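Visitor: I am new to this structure. Please show it to me, and then I will ask about its parts.

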Amino acid sequence: MTGVVFDIREWTVHDGPGLRTTVFLKGCPLRCAWCHNPEGLSPAPQVLRSASGERLVGRTCTSAELASILNRQAPLLRDNGGVTFSGGEPLLQAAFVADTIRRLEGLHVALDTSGYAPEEDFRRVAGQSHLALFDLKLMDAQAHRRWTGLDNRPILRNLAVLAEMGTPFVIRVALIPGVTDTDENLRAIARHVCALPGRPPVELLPYNRAAGAKYAACGLEWRPPFDETAAPNANLQPFLDLNLNATLA
Ligand code: SF4
């Protein structure tokens, strides 16, 4: 079975517990206006062009090859961290990810997902993972369509599935100034999380201002329709008011 990977980053510390190797899978169905991985949007390998030259991003490999690369790191990762599948949206290549996980030798697996996937794919990969990092963006359906291009109903349905599955998970909210970081949206997320079985922890993530630099290389225009210079509203209070475990990453 083959898949397309655009990066394998070692020694990451923000993609799950401990030291991790993060695998970035190509392709995402969403088009978030703030996406900081534009090279991960297209599912196919692509050539990035910049002043320093051309670079092919994305390579096709088999699940056996990828698992072999990750298993070579097992002596270091097994007791200190693990492997995280990110993207893009890793569930766009759910069968490939599932087959890679099946081949791993005793490694802790985290799934970093937008939650946008067919339920069957979501259940399959989340069920093989030890931890899910589940991104929530906007609770208002219309705003979600406006800022990401897609409906949030499949995401909320998979979140409900996850909460019933028993796989530990963390809700992550990227604070996009004036978009996801409004008090109204943060309160709506807090209410939604509070009603989930297990009341999972929440992490608020500051906006990554490095996003714009990669767009030109991808042949895309970077014109964020929000003020990226504004300080994000890192307001934990809506979560603390509901006695949720919430932190600012
Ligand atoms: S879900 Fe993530 S990878 Fe996909 S468009 Fe949004 S920010 Fe980018």
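Guide: In helix H7, the buried residues are Asn185, Leu186, Ile189, Ala190 and Val193. Buried means 20 or more other C-beta atoms within 10 Å of a residue's own, exposed means 12 or fewer, partly exposed is in between, and C-beta atoms are placed from the backbone. Helices (H or I, at least four residues) and strands (E, at least two) are DSSP runs, numbered from the N terminus. This is a predicted model: local features need pLDDT of at least 70, side-chain atom pairs count only at pLDDT 80 or more, and totals for chains, interfaces and linings use all residues. Residues are numbered from 1 along each chain as its sequence is written.

Visitor: Which exposed residues does the face of H7 turned away from its buried side carry?

Guide: The buried side of H7 packs against strand S9 (169–175), strand S10 (202–206) and helix H8 (237–240), a contact being two C-beta atoms, placed from the backbone, within 7 Å. On the face turned away from that side, the exposed residues are Asp183 and Glu184.

Visitor: Which residues of helix H3 are buried?

Guide: H3 covers residues 94–103. Its buried residues fall within an arc of 160° seen down the axis, so they line one face of the helix. They are Ala94, Phe96, Val97, Thr100 and Ile101.

Notes:
The arc is that of the directions from the helix axis to the C-beta atoms.
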